[in-house]
Amino acid sequence: MDKFMAERIKSPAVRDYMTRKIVRVDAGTSIARVSELMSRKKISCVVVEKARRPAGIITERDMINKVIAKSRDPRLTTADSIMTSPIFSISEETDLITVRRIMSSKKIRRAVVTSSGNRIAGIVTETDISKALSEVLFSKLDEIKLIYKKIRALFTDTVKALFLTLDAKDHYTGTHSKAVAALACEISDELGLDAPTKRNIYLAALFHDIGKIHIKDSILRKSASLLESEFEEIKPHSSISALILRPIGELKGTIDIIMHHHEWYNGKGYPMRLKRDEIPLGSRIITIADSYNALTTNRPYRAAMKPGQAIKMIKALSGKQFDPAIVKVFLKVIRRPRAYKDRSALIYPII
Ligand SMILES: [Fe+2]
């Protein structure tokens with residue numbers, strides 16, 4: 001639990017949870033008298049004093065174990081001969097979690113609670129502390145849920161703001177990224193990936209090209225095919241995307257996926273020429289969704305391909321640019337009605 005959360009559920013002081021009803025008896029008091037006091041005052045524990053200072057504690061259990069079980073005469077047995085001593089005392093300001101830690105490390109089951117001036121204010125038992133902590137935790141649960149909800153909303157807003165930045169720089173890249181993210185989700189569903197992995201793949205797809213904000217508009221929006229030198233300028237965008245997102249802890253699982261979304265299955269991609277399983281699974285999924293969407297949308301330098309043509313091209317590149325196992329899954333997914341009906345929606349429920 002981080003410091004912020006720990007602060008939010010800081011436990012209250014023991015003062016509000018101790019038993020205030022205490023009875024003090026002198027060390028020389030007989031156990032018969034102690035027993036009578038306990039019954040009359042309806043208490044299960046008394047503080048034994050010597051020279052008006054607390055010297056020990058006697059509980060009902062002490063009387064059973066140390067007097068009755070040993071056949072001692074309660075009239076002749078004095079309080080100081082069966083009390084538990086020395087007694088452990090804690091300030092009434094001490095918080096419940098600290099009290100529990102102290103009790104467990106010292107292996108004690110009860111303690112005397114003192115107020116200012118070292119006066120006895122009450123007694124607290126292990127059971128009192130456990131009950132109190134459960135009450136506190138339950139009462140804080142709603143508060144913690146609310147904080148968690150706020151943190152989630154903050155993250156979702158960050159994702160939206162980041163996406164709007166990308167979209168403002170280049171609307172095509174924004175629209176394309178949303179569609180790639182939706183298709184990558186459908187492929188991930190078909191692969192049966194777990195929710196956290198799917199979430200990382202979705203977010204990685206959404207921001208895979210955010211590094212393009214670094215590229216000159218004259219290249220990004222060029223209406224003719226790119227020159228070799230211009231293509232070289234575009235290449236670092238996957239590494240730049242990863243660099244931009246790295247400071248956001250919640251996006252940690254997307255960094256490698258984004259970094260390698262232009263690797264080729266045969267090792268001829270970039271930036272690191274990884275091949276086969278060396279390429280993160282998410283990148284192998286996104287690269288297919290990325291290519292399919294790019295091929296089937298209009299670009300200033302060429303018209304959109306028909307879906308059938310694009311599928312044919314992806315099949316032809318299976319085993320070269322694309323992982324053949326994922327191409328198979330893609331072919332299943334692309335031929336059926338869309339799982340995510342609105343591919344232009346920004347935030348899916350998986351976030
Ligand atoms: Fe890219």
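1. Proline 271 lies in the loop between helix α12 (255–259) and helix α13, where helices are DSSP runs of H or I with at least four residues, strands are runs of E with at least two, and both are numbered from the N terminus. The peptide bond that joins tyrosine 270 to proline 271 is cis, with omega at about 10°. These remarks concern a predicted model, in which local features need pLDDT of at least 70 and side-chain atom pairs count only at pLDDT 80 or more, while totals for chains, interfaces and linings use all residues. Residue numbers start from 1 along each chain as its sequence is written.

2. The contact is made on the α13 side by Ile288, Ser291, Tyr292 and Leu295, and on the α14 side by Ala310, Met313 and Ile314, two residues being in contact if their C-beta atoms, placed from the backbone, lie within 7 Å. The crossing of α13 and α14 is right-handed, a term used if the near helix is turned clockwise from the far one by less than a right angle, and left-handed if anticlockwise.

3. On the scale of the whole molecule, the protein chain contains 15 helices and six strands, and its C-alpha trace spans about 105 × 40 × 35 Å along the principal axes. The radius of gyration of the protein chain is 35 Å, whereas a compact globule of 351 residues would have a value near 20 Å; the radius is taken over C-alpha atoms, and the globule rule is 2.2 Å times the number of residues to the power 0.38.

4. The protein chain is divided into domain 1 (3–134) and domain 2 (170–334), with bounds that come from an automatic or database domain assignment. The centres of domain 1 and domain 2, taken over C-alpha atoms, are separated by 68 Å. Of the contacts in the protein chain with a separation of 6 or more, 63% are between residues 24 or more positions apart. Some 28% of the 351 residues count as buried, that is, 20 or more other C-beta atoms lie within 10 Å of their own, against 12 or fewer for exposed residues and a value in between for partly exposed ones, with C-beta atoms placed from the backbone.

5. Strand β2 (residues 45–50) runs antiparallel to β3 and is joined to it by six bridges, with glutamate 49 standing opposite proline 54 of β3.

6. Alanine 51 has its place in the loop between β2 and β3, and its phi is near 50°, a positive value in a residue other than glycine. This alanine 51 counts as exposed because it has 7 C-beta neighbours inside 10 Å.

7. A further open sheet has three strands in the order β4-β5-β6, again with mixed pairing. Strands β4 (89–91) and β6 stand at its edges with a single partner strand each, so one side of each is left without a neighbour in the sheet; the twist averages 35° from one strand to the next. Five bridges pair strand β5 (residues 110–114) with strand β6 (residues 120–125) in the antiparallel sense. Valine 112 has isoleucine 123 of β6 as its bridge partner, and valine 113 stands opposite glycine 122 of β6. In the hairpin of β5 and β6, five residues lie between the strands, and glycine 117 takes a positive phi near 80°.

8. Lysine 107 lies in the loop between helix α5 (96–106) and β5, with a phi near 55° that is likewise a positive value in a residue other than glycine. Lysine 107 counts as exposed because it has 6 C-beta neighbours inside 10 Å. Helix α6 (residues 126–169) lies across β5 and β6 and runs at about 80° to β6.

Definitions and conventions
Two strands pair if DSSP finds at least two bridges between them. Axes are lines fitted to C-alpha atoms, for helices over the stretch in contact, and angles run from 0 to 180 degrees between N-to-C directions.
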